[in-house]
Amino acid sequence: MNDYHHFKFTPSVWIVPSFLLILIWAIFFFEHSFNVDLSTHGILPRTFQGLQGVFFSPFLHGDLNHIANNSIPLFILTTALIYFYRDISLKVLCYGILLSGIITWVIGRNSFHIGASSLIYVLVSFIFFKGMMTQYYRLMALSLAVVMLYGGMIWYIFPEVDKRISWEGHLAGLLTGFIFATYFKTPDYVKSTQFPWEKPDFNPEEDAFMKHFDEDGNFVNTPKEEEIVETPSTEIKYVYEYKEYNNSTPTNE
């Protein structure tokens, strides 16, 4: 299969991740430059006011360490998502923010939940599970790479690991990514990469390579086709030129 039709680098591969980073950093600098606290716009579980955080929480961060830890994974995973899953990437991003936010609003403790980590867990979960489900070697390799880089994040979905973090948001992102991996459809990469001899309509008698084998499976050279050489024509053509004969004699004056 020519992967060009499915995996193609375009400006959106880096523009969308860059835009997300610029947005969250601009909000962070705005807060600290003007001494404004926007954390109250995060998710406050089971309150009507806290529903606004479903939309705003991924763009809010508490301190420099918080936003720095989220920036690099967010950029790398969003880039991988758009490059390998272009057709459904925006759905995963937008719906991932909404669904993971709603789940956090339902199961979260009574505190403001902010940060892009829930979206990061959506991306890690989706890329890992979807790659394994496709059974396509490129996407499975991507899944394994994600596990190697971010597999340690799995511990932060448990309550007792670090009470300062929103383990509820992490768990919500993990569940959301798994749901999307099973729901959103991708091309059948494995079927597209079948070799000619794997197809049902393959006829070995018409295959140029299989013609090199006899009935016992021995390799034999196929006879060369006779070449037809055209000999140049030896026909001789005669061209006659007729000149007028002037019988008059010149005169001297």
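A contact, in what follows, means heavy atoms within 4.5 Å. Leu77, for instance, touches Ile120, Leu123, Val124, Ile127, Val146 and Tyr150, not counting residues up to four places away in sequence. The structure is a predicted model, in which local features need pLDDT of at least 70 and side-chain atom pairs count only at pLDDT 80 or more, while totals for chains, interfaces and linings use all residues. Residues are numbered from 1 along each chain as its sequence is written, and side-chain values use heavy atoms, with hydrogens and water left out.

The protein chain holds eight helices and zero strands. Helices (H or I, at least four residues) and strands (E, at least two) are DSSP runs, numbered from the N terminus. Read from that end, the order of elements is α-α-α-α-α-α-α-α. Among contacts between residues at least 6 apart in sequence, 76% join residues at least 24 apart.

Next comes the question of what is covered. A residue is called buried under 20% relative accessible area, exposed over 50%, and partly exposed in between (1.4 Å probe, protein chains only). Of the 253 residues of the protein chain, 35% count as buried. The chain exposes about 17600 Å², and carbon and sulfur atoms supply 61% of this area. Such areas come from the Shrake-Rupley method with a 1.4 Å probe; for residues, only the protein chains shown count as cover.

Some of the buried residues form nonpolar cores. A nonpolar core is a set of buried Ala, Val, Leu, Ile, Met, Phe, Trp, Tyr and Cys residues joined through side-chain atoms within 4.5 Å. The largest one has 38 residues, and those with the most contacts inside it are Leu74, Leu77, Tyr85, Val92 and Phe126. Two or more residues of this core come from each of helix 1 (12-33), helix 3 (64-84), helix 4 (89-107), helix 5 (117-134), helix 6 (137-150) and helix 7 (167-183). Helix 5 gives the most, with eight residues.

Helix 5 deserves a separate look. Of its 18 residues, 14 are buried, so the helix is mostly covered. From its first C-alpha to its last, helix 5 reaches 26 Å, close to the 26 Å expected at 1.5 Å a residue. The expected span of a helix is 1.5 Å times one less than its number of residues.

Just after helix 5, Gln135 takes a positive phi of about 60 degrees. Most residues other than glycine have a negative phi. Gln135 is not a glycine; its place is in the loop between helix 5 and helix 6, and it is exposed, with a relative accessible area of 51%. Arg46 also has a positive phi, near 60 degrees, and is a residue other than glycine. Arg46 is found in the loop between helix 1 and helix 2 (53-56) and counts as partly exposed because its relative accessibility is 48%.

A further loop, between helix 2 and helix 3, holds Leu60. Is Leu60 buried or exposed? At 5% relative accessibility, Leu60 counts as buried. Not counting residues up to four places away in sequence, Leu60 touches Ile27, Leu38, His41, Gly42, His66, Ile114 and Gly115. The C-alpha atoms of Leu60 and Ser39 are separated by 6.6 Å, though the two are 21 residues apart along the chain.

Charged side chains can also pair. A salt bridge is a side-chain nitrogen of Lys or Arg within 4 Å of a carboxyl oxygen of Asp or Glu. By this rule the count comes to two salt bridges. One joins the side chains of Arg109 and Glu168 (2.9 Å, N to O). Arg109 lies in the loop between helix 4 and helix 5 and Glu168 in helix 7, so the pair ties together parts that are 59 residues apart in sequence. Arg109 is partly exposed, at 30%, whereas Glu168 is buried, at 2% relative accessibility. In the other bridge, Arg164 pairs with Asp162, the closest N and O atoms being 3.2 Å apart. Here Arg164 counts as exposed, at 76% relative accessibility, and Asp162 as buried, at 18%.

Finally, the surface has a nonpolar patch. It consists of Met133, Leu175, Phe178, Ile179 and Tyr183, with about 490 Å² of accessible area together. Patches are made of residues with over 30% relative accessible area and no salt bridge: like charges are joined within 9 Å, nonpolar side chains (Val, Leu, Ile, Met, Phe, Trp, Tyr) within 5 Å. Helix 7 gives the most to this patch, with four residues. Ile179 lies in helix 7 and counts as partly exposed, at 38% relative accessibility.
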